Amino acid sequence: MKTVYADNNATTAIAPEVLEVMQPYFTVDYFNPSSMYAAARSASDAIENARASIAQSLGGIDPDQILFTGSATESNNAALFGTVQANPDRRQLITTAVEHPSVLEIGKELERRGHDVTFLGVDRNGELVRDDYVRALRRDTLMVSIMMANNETGVCFPVAELARIAKETDSRIVVHTDATQAVGKLPVNLQTDLQHVDLLAFSGHKIHAPKGVGALFVRRGTRWRPFILGGHQEKGRRAGTENVPYIVGLAKACELAVAGVAEEQNRVRSLRDRLQQTLIELIPAVEVNGKDAEVRLPNTLNLAIHGIEGEAILYELSRHGICASSGSACTSGTLDPSHVLKAMQVPFSAIHGSLRFSLSRYNNEADIEWIIAVLPDIIARIRKISPYWDDKRNCLKL
Ligand code: PMP
């Protein structure tokens, strides 16, 4: 049976070009990059070349500002805890209620430790209310941590503008953004539009590099302290022997993603738009979560399907070879409704029936047609036995 992988916001397939450049560092050039002998030079050079290449991909910044980490989760932890540690005189943080758990849970932990944390809500489109943000900012705010693009809905926040407003309020406010879903899908330029962003996190496995590698940008001069202590790797800013092949892979993936970003994302957007339009035409009582947001990731489609369990649909889709998700992959596995959709006030009758398709450059028209061919039928069948669905009138029971 054909497999259609449409869960690229959860993880992506490793690009063949990425695997190819990684391979020598598992076999021939396996040395510890900190070793003194000449043979190890290839490993340490590979790390520095990767750093320079990523710096180039993110707008031609100074490579010294890029640190390699084990994941975006680690990068977010390092960004937030590292800023808190370096600024003990300031206590207020601003984030959003729809962040990935790797930011949200830190916000909650800092609150437990006595910090004053503001979790900004979103409107029905999943967007921040600018006035709420401006009202929350104070001259003594410690940091702002706002994601560039939401992993569940694809809704994007205007981080460049929010960062500028923070710096205008007080130049000492540290601005962090979780750009894990943005890199490779949106232009990310730390030299031009994101010039006021101090810290930026992202991950390899959302851009066709392996899982277990990430990066953190720390702008020179940022009041930030290292979070993982130990050896002198990364100039003492992130201890632990570097994962050379993965770092090399991350740089290659970044280069490929950024090189094709506009053209490739236009193609992906047209696939997503065809999927969205057709499913809405064919399935009654379906809404797109985040449809009216000013900017939404071109690859993401999050559907609110009224009167049905998302898990039941996923199971049926999976029997047809289609991989999608309900809510985010990180929060599915619990029966708690998605915190993102809850914050958007998606109605109760739809919150359990949310379904996310997220595409990548490896999807094609045949994938979309297959989803269109099977999903409406699956939903009709499940609705027939749903206590919430009026099968005769083909609508939700009131
Ligand atoms: N932030 C966002 C927005 C994400 O989508 C993810 C992955 N689901 C992460 C952070 C965590 O990334 P990693 O799996 O590399 O820790």
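**The interface between the domains**

Reply: The protein chain is divided into domain 1, residues 16-259, and domain 2, residues 261-396. The model is a predicted one. Taken over C-alpha atoms, the centres of domain 1 and domain 2 are separated by 29 Å.

The contact between the two may be described from both sides. Domain 1 brings 31 residues into contact with 32 residues of domain 2. Between domain 1 and domain 2 an area of about 2,500 Å² is buried, and carbon and sulfur atoms give 56% of that area. On the side of domain 1, three residues stand out: Arg 124, Glu 152 and Thr 153 supply 30% of the area that domain 1 buries against domain 2, more than any other three residues.

Arg 124 also takes part in a pairing of charges. In general, side chains of opposite charge can pair when their charged atoms come close. Here Arg 124 forms a salt bridge with Glu 287, and the closest N and O atoms of the two are 3.4 Å apart. Across the interface of domain 1 and domain 2, one salt bridge is found. Polar contacts are also present between the two domains, with a count of nine residue pairs.

The side of domain 1 that touches domain 2 can be traced to particular elements. Those that give two or more residues to this side are helix 1 (16-22), helix 5 (101-112) and helix 8 (244-259). Of these residues, helix 8 provides the largest share, namely four. Sorted by class, this side of domain 1 has 14 nonpolar, ten polar and seven charged residues.

For context, the wider structure may be considered briefly. The count of salt bridges comes to 31. One of them joins the side chains of Asp 367 and Lys 2, with 3.1 Å from N to O. Asp 367 lies in helix 13 (residues 365-384) and Lys 2 in the segment before strand 1 (4-5), so this pair ties together parts that are 365 residues apart in sequence.

The model also holds a ligand, which is surrounded by 14 residues; the closest are Thr 73, Asp 178, Gln 181, Ser 203 and Lys 206. In the side chain of Thr 73, an N or O atom is 2.5 Å from an oxygen atom of the ligand. A polar side-chain atom of His 205 lies 2.8 Å from a ligand oxygen atom. For His 100, an N or O atom of the side chain is 3.4 Å from a nitrogen atom of the ligand.

Technical notes: Residues are numbered from 1 along each chain as its sequence is written. This is a predicted model: local features need pLDDT of at least 70, side-chain atom pairs count only at pLDDT 80 or more; totals for chains, interfaces and linings use all residues. Side-chain values use heavy atoms; hydrogens and water are left out. Domain bounds come from an automatic or database domain assignment. Contact means heavy atoms within 4.5 Å. Buried area is the accessible area (1.4 Å probe) that two parts lose on being put together, summed over both. A salt bridge is a side-chain nitrogen of Lys or Arg within 4 Å of a carboxyl oxygen of Asp or Glu. A polar contact is a pair of N or O atoms within 3.5 Å; within protein, one must be able to donate a hydrogen and the other to accept it, and residues adjacent in sequence count only if both atoms are side-chain atoms. Ala, Val, Leu, Ile, Met, Phe, Trp, Tyr, Cys and Pro count as nonpolar, Asp, Glu, Lys and Arg as charged, and the others, Gly among them, as polar. A residue is near a molecule or strand if one of its heavy atoms lies within 4 Å of it.
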